[in-house]
Amino acid sequence: MAGLSEQISRSGWLATLLFCAVPPVREKQTEVSHMKNNGNQSQRIYDKATRTWYEVPEDQYREFDRWRTNLRKREQYWGRCFCPRGKWWLCDGDCVDCEFHTRNEVSLDDPLPDGEGTRGDYVPDDNPTPEEIISDRDLLERTCLGR
């Protein structure tokens with residue numbers, strides 16, 4: 001059980017839902033499985049880290065589904081998520097480790113493909129160099145003292 005706690009602690013939102021959930025269901029079916037459980041409607045959420053299904057109450061499922069759909073659509077709008085419709089049930093909100101997530105941000109600290117420096121080395125900088133500042137100061141002092 002300690003291994004499950006460590007896995008769950010990494011995935012924040014999902015952890016909150018899973019700790020309140022009924023014990024996992026081992027059978028693999030579709031994303032949403034409606035079951036009668038003492039008269040209460042329950043649905044299941046798949047956890048990729050542990051590869052198990054967890055039964056959760058309807059209201060918790062709706063809240064989680066609304067959150068992950070919002071996140072997925074935002075990432076798709078920005079061109080970072082290419083999750084196909086048939087795999088939406090795999091979305092757990094952990095985009096960094098997702099197989100369908102594309103990182104399209106470029107860091108100036110990333111090394112260049114040839115290994116010669118970084119992108120930041122080639123960004124033009126309009127700020128004056130220390131030598132220019134010193135020479136301007138010297139010029140001002142000479143002109144002010146020369147008068």
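The protein exposes about 11,000 Å². Carbon and sulfur atoms supply 52% of that area. The model is predicted. Of the 147 residues in the protein, 26% are buried. The protein holds four helices and four strands. Along the sequence, these follow the pattern α-α-β-β-β-β-α-α. Among contacts with a separation of 6 or more, 38% join residues 24 or more positions apart.

Helix α3 was examined along its length and around its axis. The helix covers residues 58–77. At 1.5 Å a residue, its 20 residues should span 28 Å. The end C-alpha atoms of α3 are 28 Å apart, which agrees with that expectation. The buried residues of α3 are Q60, Y61, F64, R68, L71, R72 and E75. Seen down the axis of α3, the buried residues fall within an arc of 105°, so they line one face of the helix. An α-helix has 3.6 residues a turn, so residues three or four places apart point the same way. The face of α3 turned away from the buried side carries R66, K73 and Y77, which are exposed. Just after α3, G79 takes a positive phi of about 80°.

The aromatic residues were considered next. A pair of aromatic rings is described by the distance of the centres and the angle of the planes. The count comes to five aromatic pairs. One of them joins W53 and W89. This pair is stacked, with 5.7 Å from centre to centre and 20° between the planes. It links distant parts of the chain. W53 belongs to strand β4, and W89 to the loop between α3 and α4. The two residues are 36 residues apart. W53 is buried, with a relative accessible area of 2%. Another pair is formed by Y77 and W78. Their ring centres are 5.3 Å apart and their planes stand at 85°, so the pair is edge-to-face. Y77 counts as exposed, because its relative accessibility of 67% is over the 50% cut-off. W78 also counts as exposed, at 53% relative accessibility.

Arginine side chains accompany two of the tryptophan rings. The charged end of R44 sits over the ring of W53, 5.0 Å from the ring centre. W53 thus has a ring partner in W89 and a charge over its ring from R44. R72 lies over the face of W88, at 3.9 Å from the ring centre. R72 is also one of the buried residues of α3.

Two further arginines lie in loops. R51 is placed in the loop between β3 (40–47) and β4 (52–57). R51 has a positive phi of about 55°, although it is not a glycine. R51 is exposed, with a relative accessible area of 67%. R80 lies in the loop between α3 (58–77) and α4 (130–146). R80 is buried, because its relative accessible area of 18% is under the 20% cut-off. Leaving aside neighbours within four places in sequence, R80 is in contact with E75, F100, H101, T102, N104 and E105.

Notes
Residues are numbered from 1 along each chain as its sequence is written. This is a predicted model: local features need pLDDT of at least 70, side-chain atom pairs count only at pLDDT 80 or more; totals for chains, interfaces and linings use all residues. Side-chain values use heavy atoms; hydrogens and water are left out. Buried means under 20% relative accessible area, exposed over 50%, partly exposed in between (1.4 Å probe, protein chains only). Contact means heavy atoms within 4.5 Å. Accessible areas come from the Shrake-Rupley method with a 1.4 Å probe; for residues, only the protein chains shown count as cover. Rings of Phe, Tyr and Trp (its six-membered ring) pair if their centres lie within 6.5 Å; planes under 30 degrees apart count as stacked, over 60 as edge-to-face and the rest as tilted. A charge sits over a ring if NZ of Lys or CZ of Arg is within 6 Å of the ring centre and within 35 degrees of the ring normal. The expected span of a helix is 1.5 Å times one less than its number of residues. The arc is that of the directions from the helix axis to the C-beta atoms.
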